Amino acid sequence: MEKKTTSKNKGVIGSLLLIYLIVFIFFYPVLSVYFSHDDFFHFKASLTDGSFGAFINLFGFPNFNDRGYGFYRPIFREGLYNLYYSLFGLNHTPFRIFSFALHFINIYLVYTLTQKVFEKREISFFTSLFFGVAAANVGSLYYLAGGIQTLGATMFIFLTLILFLNGKITLSIITFMLSLGSHELSSTAPFLLAGLLFLKTPFKKFSLNAFKTLWPFFLILAVYLYLDVFKIGFLQTEEQYGLSFSIKKILNSFAWYSLWSFGMPEMFLDFIGPGFSLNPNLLKFWSGYVVPILFLSLTLITTVLIGILVSVKIIATDKKFLFFLLCFPFILSPILILPLHKSTYYLTPALPAFFVVIAVILMRAYSILNKRIVLVGRVFMFIFVTSFLSLSYVSVQLANVTYPAANRGRVAQKLISDMKTRYPELPKGATVYFKNDSSYPFISKEWGGSSKQAALALNNGDAIELLYKDPTIRVFYEYI
């Protein structure tokens, strides 16, 4: 028994190491991408006088009007950015490594939870692999300001679910509170716990008594929502955060999040209109990427549809499968009603549910096909896995040259490097003026002139103030 357990553990470790290696091959360019835009805003907003009391105040519930921004995310926003800047300044490498570490932890947690629910190593492996290499991770890994929050929230959400299933209720309450302090998508966690409890409890024995352990989670959620909505509040005139309960718009958002989960690049949102009409500029500038992406996407969708047709009689009555099928849209529900604020980094907590569904369909279909003709089952799996990995890789490569956070990070790094080289020090209260330069090597016409690009990348004066640690510096741009 001991040898069998040791062998099993080695198998799990080997599987995870293989996944980590593939993920690193896909995403290692992220490590070199510098801070940009919102990162500098968060660094600036999280500055304190250095006292312990001021640091603790970062975890309070200040009103929107007092600080100019909303949502309660102090763990991976104010708290993290404050500690990081005091330790590393504007050195981006430790932050990028930390982001990668969170992703690796989440891969392990996804494997653990999936194994605990299904007890099938193949389903756990493919769920974790697909989650780890999905092109949707571009948003969470490249865009630090938002991505680090959803990565952290995902970690605490899955810790909450796993601890709850292990009967460690007190610890799961603590991790749930930490998840709420990371991102509001964590508000779905108590309902996920209720669903897991339903899976564990036979229907005949199911009653309200089964939910006795859940009331602290819902009470904490109610207090959190009250403080976040009524104490912090939000700016009603912020168009991008405008709520819409239109079924058509919600379905449109859900369709995009589903396509992004499969591996379609986020940038396609700007080039594909109603009825999936393509903007000709997409093929004009990016045909080398777009053609294989569209081909691989169609291959994947076709393969999944075949898998559903083959296994529908089994999966339609699988309570565990149906639970995760519902989890994907439910976890996304808080952002599906924000039609003007779509982004792949919001997908991070929901992606595991999406890939559990895909993995179950694949394994059920493979099992059925394999019983009929061995070769057909293997070909079916080979086509999906190779197509998915290929699509993810191509989409990630495209994002490396087009994703806004990546490009702005490169611009910001060069500007800051140039500033530090030319002006190692600046007098207190100095004035810095950026002029347009048509010969500047980092130009994107869509952003405007070089000074406007500089303003976007550096978040106006924030980066320069942080660089010289002088809040009295004034920064101007020739054109914004």
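Of the residues that line the largest cavity, 15 are nonpolar, 1 is polar and none is charged. Here Ala, Val, Leu, Ile, Met, Phe, Trp, Tyr, Cys and Pro count as nonpolar, Asp, Glu, Lys and Arg as charged, and the others, Gly among them, as polar.

Before we look around, a word on the model: it is predicted, local features need pLDDT of at least 70, side-chain atom pairs count only at pLDDT 80 or more, and totals for chains, interfaces and linings use all residues. Residues are numbered from 1 along each chain as its sequence is written, and side-chain values use heavy atoms, with hydrogens and water left out.

The largest cavity holds about 130 Å³ of space. Among its 16 lining residues, Leu113, Phe158, Leu161, Phe324 and Ala353 are the closest to its centre. A cavity is a set of points on a 1 Å grid over the protein atoms alone where a 1.4 Å probe fits but cannot get out, and lining residues have an atom within 4 Å of a point. Helix α15 gives the largest share of the lining, 4 residues.

These helices each supply at least two lining residues, as does α16:

| Helix | Residues |
|---|---|
| α6 | 93–118 |
| α9 | 144–165 |
| α11 | 189–200 |

Helices (H or I, at least four residues) are DSSP runs, numbered from the N terminus.

Ser343 is buried, with a relative accessible area of 8% (buried means under 20%, with a 1.4 Å probe and protein chains only). Its side chain makes a polar contact with that of Glu266 at 3.4 Å; such a contact is a pair of N or O atoms within 3.5 Å, one able to donate a hydrogen and the other to accept it.

Terms used: Buried < 20%, exposed > 50% of the residue type's maximum accessible area, 1.4 Å probe, protein only. 1 Å grid on protein atoms, 1.4 Å probe; cavity = no way out; pocket = protein on both sides within 12 Å on 5 of 7 lines; lining within 4 Å. Points joined across faces, edges and corners; volume = space filled by probe spheres on them.
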